[in-house]
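Q: I've got a structure open and I'd like to learn how to read its features. Can you walk me through it?

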Amino acid sequence: MEIKGELALRKRQVLILFVLLGLSQAGPESVRYSVAEETEVGSFVGNLARDLGLGVEELSSREARVVSDDNEKHLQLDLLTGDLLLNEKLDREELCGSTEPCVLHFQMVLENPLQFFRAELHVKDINDHSPMFLDKQILIKISESTSTGTTFLMESAQDLDVGTNSLQNYTISPNSHFYIKIRDSSDGKLYPELLLERALDHEEEPELILTLTALDGGSPPRSGTTLVLIKVLDINDNAPQFAQKLYEVHVLEDTPVGSWIITIFANDLDAGNYGKISYTFLHASEDIRKTFEINPISGEVHLRSCLDFEVIQFYTISIQATDGGGLSEECTLLVKVIDINDNPPEVTISSFTKSIPENASEILVALFSVRDQDAGDNGRIVCSIQDELPFFLKPTFKNFFTLVSEKALDRETKSEYNITITVTDLGTPRLKTQLNLTVTVSDVNDNAPAFSQSSYTLRVRENNSPALHIGSVSATDRDAGANAQVTYSLLLPPHDPHLPLASLVSINADNGQLFALRALDYEALQAFEFGVRAADRGSPALSSQALVRVLVVDANDNAPFVLYPLQNGSAPCTELVPRAAEAGYLVTKVVAVDGDSGQNAWLSYQLLKATEPGLFGVWAHNGEVRTARLLSERDAVKHRLLVLVKDNGEPPLSASVTLHVLLVDGFSQPYLPLPDVAAAEARADPLTVYLVIALASVSSLFLVSVLVFVAVRLCRRSRAASGGGCSVPEGPFAGHLVDVSGTGTLSHSYQYEVCLRGGSGTGEFKFLKPIIPSLPVPDTGRDIGGNENFRNSFGFNIQ
C-alpha cells in the first residue's frame, strides 16, 4: 500500500510539473520552468530551444551556454536536442531557506551576435523534513493560584519545509488540566500556547509531564515531539515587567565574538524567590542560539559567533523574563546587522580571444560578468581598464560586460597588450579585484621596407681589386615573419640608363652588401649613381628604393708634370738677373701640374742643388725662385739650379727641373725705388732713367711672346692627345701649402687659366689671363715670418 501511494504521489508531482512548465512558457519577459527538489540528476526540465524559438543547429553554431546568477552549474544544456537538464540534485531548503517561492535565475548566452535570454527555474518543495523541537524538554512553572483560561507560552517546533509541507498543527497528550491553543503570528508561523482549563493544586499534584506533538501538512504528515514538564508553584501574584516591549540594536558584522550587545532588564514587585528573575530566549531558532547567548541572571546579551550580513541581515529574538514564582513576560530584541565592505567583487570570464588581427576595429576580446555580495554602496561596482589602451568596456546585460577593441591596432607600434580589468566597489574602504589578460596582435603586411638612409655615398679607391666589398645598404621592415624578410636588387638610374651597372657593381640579395666587380680608374670615372630596391616577401609584396652614389677616390698614380721651364731636350732657358738685384728678387717661377686630385695634387718645391749654395732660394708653396742675398762681384756669372717638384701623396711622386741663371750688369731693377729717391735720381741723370724704361719694355715684350708661344704649343699637344681643350687642375690644399685653385704652382694673389696641348715632342706654356684679381690673403692662423722655411720674409728654401 505504501508503494502504491508513493507511485500515485509521483504521478501527481509529474503532472503538476508539466502543468507548471506549460505555464512558464507564457511569460512575456522570460521563460519559466519548475522542478521538484531532490529530482534525479539528468532529469528533463524543458526544451529551451523550442521555448525561445531557436533552431537546434543554431545552439552549436552560436556556442549557446547557460549561466546562473550565482555562478553554480545547476543546469546543463544539451546542444544536440535543446533540452534543459538537471546537472545536480536541488535542495530547496539549502538554496532558498524559508523564502517562497524558491526561484533560480539564469540566462542563456548566444554569441555571433551576442544575445541574452532570461529564464527562471522554480524549485518546488517536497515534504522531506519533519517538525523538530530544539529543546528535548520544556519546563513550565505554574502557580497554583493561576486562574483558569491562563495561557502559557511554549517553544515552537522548526520545520524547514514550506507551504502545506510546513508546520500546521500542535497536539498535547490527554490530561485534565491543559489543552493546546495555536496562535498565528504576523510572519505566518504557528506558536503553541498551553491553556489552563482546570485549576492546579500544588498539594495534590506538584508537577505534570505532558507530550507536545507538532504536525506538518504533508501527505503523509510528519511529526515531532518534546516533553513538557509542568511544575506547580506556590502562589506568586506579580509577573516580571520589561521597561519596553521592543529593544533595537545595530551591530557591525565584523564585531568580535564575545562582544556585549545589549542588556535586557525586567522588574518584579514580588520579594524573595518570587522576585528573582531569569532570562531566556523564547522561540529562538538554531541560528539565533548559535549566534547569541543571554546571561540568565543579568540579562546581558553577548555575541557567540561571527555575524555575516550577506547571510542574515537582522535577527528578531524573543526574550522571556521569568520570576521565581513562575510568572513570565516577553519582549522582543531586534538585532540589525550593519554591512561592512568585506567582500571583494567577483569576476567570471565567459569567453576570451587571445589573438586579434591588426587593422581591424571593434573586435570582441572578452565577455565577463561581475558581482559583489555586499549591499548598498559596498555592493555597487565600477568596472574599468587602463586609460592608455585602445580598448573599452561595454555593458551588455545586467552584470555582463564586453571588452572590445576601440580602433584598428598597429602591431608594429605594439604587438602585445597587457589588459588589467579592475572591478572596484564603492564601499569604505574600497575593495577591488583585478584580472590580467594578455592580448597579442597578429601581423598584416602593411609596412614597406625602410632604408636606414634615403641615399648612400660610398668611396672606393681607384685601382681596387675585383670583387671588393665597397659597402652595404640596409633596410628594415617593421612587420614580422615573411612580411619582414627583405631582398635587395639593383636599379639603373633614370638619368643615366646606359650605365654599364652590371659590370661595375653587384649586390647580395640577402644582406645588401655591395661589391665592385672590376678595378676603377678615377681619371676615367670619378663617380656614378644607381638605385637599390628592397622588397619584402609579403602578399602583396611591398618595396622601397634608395640612391647609392659611388665616389672613386683618387690614388697617387700620376707624378707632377713641369710646365715651365720646359724640359724637352732643346736649348735650355736662361734667366737673367742683374747684379744690382737686392735680396728677394724674383728670378723666375717654376710651374707644374699633377694629373691626380686632392692631396695627391698638392705640390711643393725644393732646391736640391745649386752652383753656389745660399745665393738662391725656392719658395716651397708656389715655386718662385728668388735671390737670398745681395749679389757681389765675386759671384759667378753662370749658375745652375736643380729644383725638385713633389706631390703630397702616399707615397709621394716627384719630378725635377734644371734652371740656368745668368748674372748681368746694367739690367733694370725689379722694383721701383721710393718716390723721393726716384725723383732725385731723375733729376741727377735723366738719360739713365730713359734707358732703364726702354730696356724693361723690350724685355717684357720678349718674355710675353715666349710665354704665349709655349702655351699655344702645349694646348695643341694636349688637344691632339685627349681631344680636350684647356683644363684647370682643381683640389684642396693642405694647411701647410698655399691653396691657389688646386694647382699648387702660382702665388696666392693670382689664379691663372692654363692650357695644355700636345705637339711634336715639345711643349709650350702660356699665361693667358688672371681669373681672380689680387685678393686679400685670409689669415691662416700661422705667422709666415716665423716659419723656419722662410727667410727674409720671402719664404726661401736655400741649399
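**Strands, sulfurs and spaces**

A: Let's start with a strand pair: valine 460 has valine 552, in β40, as its bridge partner. This is a predicted model, where local features need pLDDT of at least 70 and side-chain atom pairs count only at pLDDT 80 or more, while totals for chains, interfaces and linings use all residues. Residues are numbered from 1 along each chain as its sequence is written, and side-chain values use heavy atoms, with hydrogens and water left out.

Q: How many bridges join β33 to β40?
A: Two strands pair if DSSP finds at least two bridges between them; strands are DSSP runs of E, at least two residues long, and helices are runs of H or I, at least four, numbered from the N terminus. Here seven bridges join β33 to β40 (residues 543-553), and the two run parallel.

Q: Which side chains of β33 are buried?
A: Buried means under 20% relative accessible area, exposed over 50%, and partly exposed in between (1.4 Å probe, protein chains only). In β33 (residues 455-461) the side chains alternate: Tyr456, Leu458 and Val460 point to one face and are buried.

Q: Which cysteines form a disulfide?
A: A disulfide is a covalent bond between the sulfur atoms of two cysteines. The rule used is a pair of cysteine sulfur atoms within 2.5 Å, and the count comes to one. Cysteine 96 and cysteine 102 form it, with sulfur atoms 1.9 Å apart. Its S-S torsion is about 65 degrees, so the disulfide is right-handed. Both of these cysteines are buried.

Q: Is cysteine 306 buried or exposed?
A: Cysteine 306 counts as exposed because its relative accessibility is 60%. Cysteine 383, at 17%, counts as buried.

Q: What lines the largest cavity?
A: Rolling a probe the size of a water molecule over the atoms shows where empty space is left. On a 1 Å grid over the protein atoms alone, a cavity is a set of points where a 1.4 Å probe fits but cannot get out; a pocket is an open set with protein on both sides within 12 Å along at least five of seven lines; lining residues have an atom within 4 Å of a point. The largest cavity is lined by Ser68, His74, Leu75, Leu104, His105, Phe106 and Leu121. Strand β6 (residues 102-110) gives the largest share, three residues.

Q: And which residues lie nearest the centre of the largest pocket?
A: Gly97, Ser98, Lys189, Ser285 and Asp287 do, out of 49 lining residues. β22 supplies the largest share, five residues.
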